[in-house]
Amino acid sequence: MAEMLTTADGIPLKAALARAQSRARRKALFLVLPLLIFTLLSFVLPIGAMMARSVHNPEFVASTDRGTGAVTPIMQNLKGWFDANPLGTEPDEAAYAALVADLAHLQETKASGSAGTRINYDLPGTLSLFKSGARGAGKLEPPFKESLLADDARWGDPKLWQAMRAATAGVTADFYLAALDRTRAADGSIVQAEENRQIYIKLFLRTFGLSALITFVCLLLAFPVAHLLATLPMAKSNLLMILVLLPFWTSLLVRTSAWMVLLQEQGVLNDSLVGLGLITEDQRLAMMYNTTGTIIAMTHILLPFMILPLYSVMRTIKPSYVRAARSLGATSWTAFRRVYLPQTLPGIGAGGLLVFILAVGYYITPALVGGASGRLISNMIADHMNDTLNWSLAAALSAILLAAVLILYWLYDRLVGIDKLKLG
Amino acid sequence: MADGAQSDAFVAFEHVQKSYDGVSLVVKDLNLSIAKGEFLTMLGPSGSGKTTCLMMLAGFETATHGEIRLAGRPINQVPPHKRGIGMVFQNYALFPHMTVGENLAFPLEVRGMGKDERESRIKRALDMVQMGAFAHRRPAQLSGGQQQRIALARALVFDPELVLMDEPLGALDKQLREHMQFEIKHLHERLGITVVYVTHDQGEALTMSDRIAVFNDGKIQQLAPPADLYERPDNSFVAQFIGENNKLPGTIEELSGGKALVRLATGEVIDATPVNVTAKGQATLVSVRPERVEFKPEMMPQGAHMIDAEVLEVIYMGDILRARLKVAGTEDFVMKMRNTLGQTRLDAGQKIKVGWHPQDARALDPV
Ligand SMILES: Nc1ncnc2c1ncn2[C@@H]1O[C@H](COP(=O)(O)OP(=O)(O)OP(=O)(O)O)[C@@H](O)[C@H]1O
Ligand SMILES: [Mg+2]
């Protein structure tokens with residue numbers, strides 16, 4: 001039974017087949033090569049670099065000149081002391097001497113910003129400590145421990161020493177800890193961040209919760225529209241399709257601003273409600289610059305991504321299935337629930353996944369209409385990219401987001417099966 | 001038809017009309033009564049309104065005018081799921097997300113039937129179509145013929161008294177189709193159900209049906225048992241639609257005692273049975289089946305006319321020989337001869353005389 005099959009001239013069948021196909025495969029590879037290179041350069045590399053940044057941040061031990069890009073090693077004395085003394089060693093005079101020497105070196109190389117910013121990520125307020133420390137380091141006399149502490153007592157903070165030790169390593173998981181509202185205590189153990197600094201987990205949960213809600217609302221709104229699209233006669237369904245696609249042809253900003261005009265407290269909707277006497281002047285509804293605004297605007301923007309996959313699946317469901325169910329004795333509701341709905345599952349899955357993933361990463365709409373309560377994790381990532389310039393933390397947050405989405409894919413595959421996904 | 005007969009009918013269409021667009025009638029004044037246990041076939045060319053009639057009966061289309069009755073009860077207002085009619089669709093419409101067993105369980109579940117009874121019925125229905133071993137397969141894992149059987153079993157599993165089938169064998173190959181025709185017919189006889197069957201395959205209609213309704217242009221052209229339909233077509237449409245047919249245009253020369261003499265355009269006179277001609281001088285189309293054409297004078301009855309013919313070609317078809325003749329100016333006059341041992345062999349170019357029994361030639365309306 002398990003005898004190996006060979007071709008007429010005795011070459012194993014598998015080998016012959018592989019040889020026959022390899023030429024065609026080489027040719028195919030050659031054709032997609034440009035795209036492959038483009039994808040590599042524009043997608044894999046940047047994301048890879050970003051991910052690397054989330055665990056590797058050498059700013060404390062290497063200062064990069066923004067202009068020339070030249071890298072200067074800094075804080076090397078302190079790094080030497082950390083290497084020689086294990087975690088938990090009380091910083092002694094030698095340690096302080098190394099620190100003072102490094103601070104003086106920072107002043108020479110104008111690198112106190114680089115080192116200070118890095119520590120500032122972990123302990124807010126330390127950037128100024130480093131700047132003033134570097135300025136005064138040249139005037140300090142031994143014993144350095146006393147003189148430095150006399151200059152500013154914060155230099156004796158065990159948390160600062162812990163942060164500096166962690167930062168000399170370069171490779172660190174601290175940004176992931178920060179992204180999960182954790183921080184390291186002075187002895188290096190992982191603890192919860194202070195109450196008022198625990199923001200990321202809450203934001204992640206809100207992002208996923210809101211995205212799920214938006215996905216669900218989109219599904220509710222899209223299902224009947226997609227059904228209409230799939231069943232109406234060609235001429236009418238084409239018109240409807242144009243209406244569905246219209247938002248794609250309008251700038252995202254314009255659409256979002258339109259919602260602002262409609263929904264703000266002095267907006268069209270509130271004015272009409274007041275005008276109709278349904279609410280009084282001081283009862284104007286707050287539908288903008290909060291969670292409600294985010295939900296409404298994002299649902300509108302993401303709706304086509306739900307309608308299109310649903311439509312493409314529904315179009316293939318022949319009306320004879322529902323008719324068969326009806327002739328077999330099912331009420332129209334039962335026929336819908338047991339025969340029609342299950343057959344639309346690939347579309348629901350595809351649309352749901354698409355909308356959810358887009359919603360999780362959505363940035364511009366919540367930034368414009370979300371106010372304080374409607375902000376999502378992506379806005380926080382943008383803040384870290386643009387304002388605080390803590391790219392490592394931004395990268396860590398993004399990586400967590402990416403991981404969550406991948407887990408979602410995996411779950412979907414386990415529960416429904418990725419082969420049941422139909423995007424068009 | 002008399003009123004008494006109408007109310008006896010199991011299924012009755014009375015003056016039913018249907019229009020989809022409010023401009024044209026797809027079904028024009030349909031009157032049809034079907035007896036209990038009958039196998040009635042709707043036969044007709046594409047677009048003649050067969051499916052529309054079936055859909056009105058099943059409840060998926062509403063009649064624009066007229067009444068449809070099932071077991072004496074008007075059903076125009078009854079929703080499809082309350083009609084209790086089994087239906088087999090052309091593309092089977094087996095639910096793809098359910099196994100064969102679940103497909104069969106569906107009509108029983110919606111009727112609130114208990115699990116034990118469900119299972120015994122499903123088993124019985126599957127055994128009936130010899131598919132007992134396939135209950136756990138998905139429809140996509142079955143061949144066309146097997147899907148067809150499951151669709152049949154599903155339409156029968158809840159014991160409907162009336163089963164509608166819309167071109168159920170259209171997608172099968174010839175051999176399988178013939179086999180399934182036999183099986184459906186057999187099931188019909190065994191279960192005593194009433195079947196309304198739609199097809200545009202006349203062979204299928206002739207072999208399976210008790211009666212055939214020939215549809216054209218939204219009207220029933222003839223409603224008759226298969227043999228009548230084939231041998232005694234009421235009009236030219238039916239004569240041409242069912243089986244092969246020779247058409248000879250002419251005018252009525254004499255009309256008496258159920259016999260007619262027809263003068264052809266070329267001057268010859270032939271015998272015919274008048275069907276829907278009423279007066280001398282009327283234009284008519286005489287239809288003669290190829291297998292009823294004779295060329296041996298000794299086979300002809302006394303006094304019957306024979307006319308000149310020239311053999312154009314003879315085609316060997318195994319069981320029969322098919323000769324194409326030039327008769328009365330037309331070159332596509334066909335004669336079929338049984339391929340027997342003693343059969344006279346004709347050759348192309350040979351001049352012969354052909355004729356037929358007067359009752360085999362029917363003088364119909366000219367088209
Ligand atoms: N849903 C519909 N809307 C409008 N016109 C229709 C519709 N269904 C059928 N028709 C028209 O009604 C006529 C009869 O159609 P029907 O489907 O009954 O024909 P049929 O006899 O079943 O033909 P076939 O043998 O091709 O199945 C056709 O001219 C068709 O175009
Ligand atoms: Mg049809």
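**Exercise 1. Find which residues lie nearest the centre of the largest pocket, and describe its lining.**

*Solution.* Start at the middle: A:Tyr121, A:Asp122, A:Leu123, A:Pro124 and A:Arg197 lie nearest the centre of the largest pocket, out of 36 lining residues. Keep in mind as you work that this is a predicted model.

Next, take the volume, which comes to about 820 Å³ for the largest pocket.

Then look at the elements around it. At least two lining residues come from each of helix H4 (112-122), helix H5 (126-137), helix H7 (158-169) and helix H8 (174-179) of chain A, and strand S3 (182-184) and strand S4 (190-192) do likewise.

Finally, sort the lining by class: 16 residues are nonpolar, 10 are polar and 10 are charged.

**Exercise 2. Work out which domains of chain A supply at least three residues each to the lining of the largest pocket.**

*Solution.* First set out the division of chain A: domain 1 covers 10-46, domain 2 covers 62-192 and domain 3 covers 200-420. Now go through the lining with these bounds at hand. Domain 2 and domain 3 of chain A each supply at least three residues to the largest pocket.

For a sense of the layout, compute the C-alpha centres of domain 1 and domain 3 of chain A; they are 38 Å apart.

**Exercise 3. Describe the second largest pocket, and say which element gives the most to its lining.**

*Solution.* Begin with the volume of the second largest pocket, about 690 Å³. It is lined by 23 residues, and those closest to its centre are A:Glu59, A:Ser63, A:Thr64, A:Arg66 and A:Ser114.

Now turn to the elements of chain A: strand S1 (62-64), strand S2 (71-73) and H4 each give two or more residues to this lining. H4(A) gives the most, with 5 residues. By class, the lining of the second largest pocket holds 7 nonpolar, 10 polar and 6 charged residues.

**Exercise 4. Characterise the interface of chain B and chain A, and count the salt bridges across it.**

*Solution.* Count the residues in contact first: chain A brings 17 and chain B brings 23.

Then move on to area. Interface size is often expressed as the accessible area lost when the parts come together. For chain B and chain A the buried area is about 1,800 Å², with 64% of it on carbon and sulfur atoms.

Last, look for charged pairs. The rule finds 2 salt bridges across this interface. One of them joins A:Arg338 to B:Glu109, whose closest N and O atoms are 2.6 Å apart, within the 4 Å cut-off for a salt bridge.

Key: Residues numbered from 1 in each chain as written. Chains lettered and ligands numbered in written order. Predicted model: local features only at pLDDT ≥ 70, side-chain atom pairs only at ≥ 80, totals over all residues. Heavy atoms only, no water. Domains from an automatic or database assignment. 1 Å grid on protein atoms, 1.4 Å probe; cavity = no way out; pocket = protein on both sides within 12 Å on 5 of 7 lines; lining within 4 Å. Points joined across faces, edges and corners; volume = space filled by probe spheres on them. Helix = DSSP H or I, 4+ residues; strand = E, 2+ residues; numbered from the N terminus. Nonpolar A, V, L, I, M, F, W, Y, C, P; charged D, E, K, R; others polar. Contact = heavy atoms within 4.5 Å. Buried area = accessible area lost by both parts, 1.4 Å probe. Salt bridge = Lys/Arg side-chain N within 4 Å of Asp/Glu carboxyl O.
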